[in-house]
Structure formats: C-alpha cells, structure tokens
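These are my notebook entries on one protein model.

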Amino acid sequence: MKTYHILFILILLTSCTGKKSINPSAEADSIFSIDQTSIVVLGTIQDAGSPQMGCTKDCCKDLFDNPDPNRKITSLGLIDAGNDKTYLFDASPDIVTQMKWLTQYEPKSKKEIVDGIFLTHAHTGHYSGLMYFGKESIDAKGLPVFVMPRMKDYLSNNGPWSQLVNRQNIILNTMVAEEPVKLSNSIEVIPFLVTHRDEYSETVGYKIKGPNKTALFIPDINKWRVWEKDINEEIKKVDYAFLDATFYSGLEMNTRDISQIPHPFVIESLEHFKNLSVEDKNKIIFIHFNHTNPALDPLSEATRSIIHNGFKIAKTHDVYTL
C-alpha cells in the first residue's frame with residue numbers, strides 16, 4: 001500500500017502541466033496568493049456533499065466524526081489577475097467558504113464578494129448558494145449572475161429566488177448558447193448546451209478562455225454518446241477539461257435506480273477517451289464525485305486506474321493557469 005501511495009504522488013507531480021498542485025488546509029492563514037489569471041478548484045463533490053445525509057456506508061461513517069475540510073461541493077473559481085477580479089462557476093451550498101477562499105486567493109482586491117457568478121443549471125448543488133446573497137445574510141447589491149433563458153425564468157418566478165431578483169441582490173444577465181461573454185480584453189466565457197435532466201432549466205457547460213489557455217467545465221451531462229458534440233474533439237481544442245465523474249461504475253449505487261440519474265460512468269469515460277493522445281488524455285480532470293465514488297479515496301483501485309490511464313482527478317485548491 002505504501003508503494004502505491006508513493007507512486008500515486010509521483011504520477012501527480014509529473015503529469016500536471018500548467019497546474020500548481022497546492023493543497024492547503026481550509027484554515028484562513030493557509031490560503032495562498034495567486035498572481036496569474038487562473039482557474040482554482042473550490043470543490044469536487046456532487047450536489048449533496050460528502051458525507052451525505054442519511055449515509056451509513058463506509059464512505060461516509062467516519063466523515064461525520066472527522067469531516068474533511070476540503071470536501072466541498074463542485075465549484076470553480078476564476079481569477080482575472082489583470083483586473084483584480086474574481087468569478088465563481090456555480091453557487092454551491094458551500095459558497096460561504098468557497099467565496100472566502102477565492103477572494104483571499106486574489107492578492108490585490110480587498111473585496112469579500114466575487115465580481116460575478118456563472119450558473120450551469122437548476123439542480124440544488126449548482127445554484128442554491130445564491131440564498132446567502134439575500135437580506136437574511138449579506139444583502140448583496142447588484143451581484144451579476146450569468147444565466148441561460150430558462151434559468152432566468154426559474155429564478156425570476158419562483159421564491160425565494162425571485163426575492164433576490166426583485167430586491168436586486170442579484171442582477172440576472174441572460175446568456176445565449178455559443179455566444180461569448182467578454183469579461184476583459186483577455187478573458188471570455190462561452191456557454192454551450194449539454195444534455196441533462198432539465199426539469200427546471202436548461203443545462204450548460206462552459207468554455208473559459210484566458211490570455212494563454214482555455215478550459216472546459218462540464219460538471220453534469222447524461223452520457224457522452226447522446227451529446228450532439230463530439231467530446232473527444234472538444235477536448236482537443238482546449239488545454240484543460242473538467243469533466244463529470246459523478247459515478248465510477250454505478251456499482252456503488254445499490255439503493256436507487258441509477259437509470260434515473262444518468263451520468264457518464266468514469267469507466268465509460270476511460271473507454272470513450274482511450275484513443276486520445278497522451279497529451280489530450282492529460283488535459284482531462286475528473287470532477288463532481290458522488291459521495292459513493294471510490295475515486296475519492298486516493299489509495300483506491302479506482303484512483304490508480306484513472307491515473308494509470310493518463311487522466312487527472314481534481315483536488316480542492318488546485319490551480320490551473322490560463
């Protein structure tokens with residue numbers, strides 16, 4: 001087991017081109033400064049967190065007594081170093097800590113609130129953090145929130161979210177699929193539609209273009225084969241690809257009908273991406289892990305398989321320069 005641990009660390013250190021693998025604790029005095037335009041991983045877990053409510057499995061039982069401060073729900077931070085600004089991708093239930101981390105990473109601005117939030121869709125782990133911008137909490141003033149048309153309608157016409165809109169705690173900025181949102185002369189964000197369970201809103205992924213590099217962010221999608229785009233070709237066009245890894249194989253889910261919550265299993269993704277070049281495989285960073293996913297254990301066979309096949313696993317506080 002010790003040999004595997006050493007091997008895992010060595011692979012991580014040698015396979016992360018463009019990434020600063022810094023992973024401090026969640027304590028405020030451990031937060032580091034980032035002086036380049038970058039993406040920061042602020043969370044990697046599926047919507048309901050880890051441990052998950054009611055879970056008595058081995059994957060959760062010790063975490064109730066000994067929580068891991070870095071097990072936060074999936075979110076990315078974007079630091080615009082040239083303009084001293086920060087942006088969140090998805091407003092998770094862990095947004096209070098995640099926004100504190102992100103604004104502390106940015107060394108020049110003294111702002112405690114980000115300059116904007118991009119939402120992917122209306123599943124609870126991706127937008128419910130908006131509640132903290134209301135009058136019961138910080139009572140924000142005009143925070144830009146970038147949304148697709150159905151997401152705008154949902155937030156505008158359903159409480160308590162409509163109160164945020166009506167009181168202008170948040171200002172909804174409507175996006176159009178495939179049309180860039182220009183944040184500065186060197187940064188733009190492009191939303192694109194993906195196939196998912198769209199009960200309340202459409203679902204998008206994002207292409208985030210920086211001064212030198214570009215990233216994909218697709219935390220939720222049904223299956224790669226049902227998407228109208230070819231994910232392999234999309235990976236070839238970017239430098240980083242943060243991709244849905246909710247379930248490793250589906251075998252870890254023995255209490256629910258997994259056909260009702262479709263995602264690309266990691267083992268399916270490994271097969272789907274097997275013919276990519278070594279360079280392109282190395283761009284893929286798996287994210288959005290269900291609490292049952294064995295890849296959350298760095299010493300598991302699942303983790304070893306992912307790393308052995310040339311891919312990466314997102315870790316909270318990892319930094320990827322753009």
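I began with terms: two strands pair if DSSP finds at least two bridges between them. Strands (E, at least two residues) and helices (H or I, at least four) are DSSP runs, numbered from the N terminus.

I noted that this is a predicted model, in which local features need pLDDT of at least 70, side-chain atom pairs count only at pLDDT 80 or more, and totals for chains, interfaces and linings use all residues. Residues are numbered from 1 along each chain as its sequence is written, and side-chain values use heavy atoms, leaving out hydrogens and water.

**Sheet.** I found an open sheet of 7 strands with mixed pairing, in the order S8-S9-S10-S11-S12-S13-S14. Its edge strands, S8 (181-182) and S14 (312-313), each pair on one side only. I then followed S9 (residues 188-193), which pairs with S10 (residues 204-209) in the antiparallel sense over 6 bridges. Ile190 has Lys207 in S10 as its bridge partner.

**Cores.** A nonpolar core is a set of buried Ala, Val, Leu, Ile, Met, Phe, Trp, Tyr and Cys residues joined through side-chain atoms within 4.5 Å. The largest has 32 residues, and Ile117, Leu119, Leu130 and Leu155 have the most contacts inside it. H3 gives the most to this core, with 5 residues. I also recorded a second, separate core of 28 residues, which includes Ile218 and Phe289.

Note on methods. Buried < 20%, exposed > 50% of the residue type's maximum accessible area, 1.4 Å probe, protein only.
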